[in-house]
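Please view the structure alongside the notes below.

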Amino acid sequence: MTVDGTHVPWTPDQARYREDYHNYKGWHSILCLMFIDAFYMFVDGEVGHPGRQSDSAIAGHSWMFYQIRNNRRAWLGEGGLVIGDGGFGNDDFLMTPFANASTNRQHLFNHCFSSTRFYVEQAFGWWKNQWRFLIRASMLSHSDQCLLIYATTVSYTHLTLPTKRI
């Protein structure tokens with residue numbers, strides 16, 4: 001399983017909240033932290049956090065991390081891990097790349113490690129392509145926008161994924 005965050009454009013209607021939702025990319029968004037398995041399926045997600053928050057801050061308090069900490073084997077199997085990018089802190093079940101790779105072995109590890117995370121980015125791309133409103137700013141309330149985002153993750157999980165055409 002891997003964990004990563006993605007931003008869905010959304011601007012609060014009240015000016016006092018706009019700074020919180022202004023993300024590091026320069027626009028307003030809701031941060032969605034998603035747990036995705038190797039079959040491109042959404043296992044769990046945290047939706048609704050302000051865009052300026054970090055993935056790791058949300059993950060540390062997420063329902064999924066809580067569940068894994070309490071029963072790692074049930075969620076990840078024997079010796080299973082959650083794969084995260086460099087923005088996540090280390091936990092005994094969370095594997096991240098070397099922050100300051102200094103040896104050839106560490107550089108090689110980081111290169112190989114990055115290829116294990118391709119499916120999370122691919123799943124985000126397929127998901128946002130299926131539900132195009134996820135890439136445009138919305139005039140919905142925060143709660144309605146979050147409900148729609150959650151609904152698309154459930155619906156996406158049951159769709160037939162794109163197959164390679166010959």
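Trp75 is partly exposed, with a relative accessible area of 33%, and Trp63 likewise falls in the partly exposed class at 42%. Here buried denotes under 20% relative accessible area, exposed over 50%, and partly exposed the range in between (1.4 Å probe, protein chains only). The model is predicted: local features need pLDDT of at least 70 and side-chain atom pairs pLDDT 80 or more, whereas totals for chains, interfaces and linings use all residues. Residues are numbered from 1 along each chain as its sequence is written, and side-chain values use heavy atoms, without hydrogens and water.

**Aromatic pairs**

- Eleven aromatic pairs are counted, where rings of Phe, Tyr and Trp (its six-membered ring) pair if their centres lie within 6.5 Å, with planes under 30 degrees apart called stacked, over 60 edge-to-face and the rest tilted.
- One of these is the edge-to-face pair of Trp63 and Trp75, at 5.6 Å centre to centre and 85° between the planes.
- This pair links distant parts of the chain, twelve residues apart: Trp63 lies in helix H3 (residues 63-70) and Trp75 in helix H4 (residues 72-76).
- Tyr40, Phe118, Tyr119 and Trp126 are joined into a cluster by ring pairs.

**Helix and strand naming**

- Helices (H or I, at least four residues) and strands (E, at least two) are DSSP runs, numbered from the N terminus.
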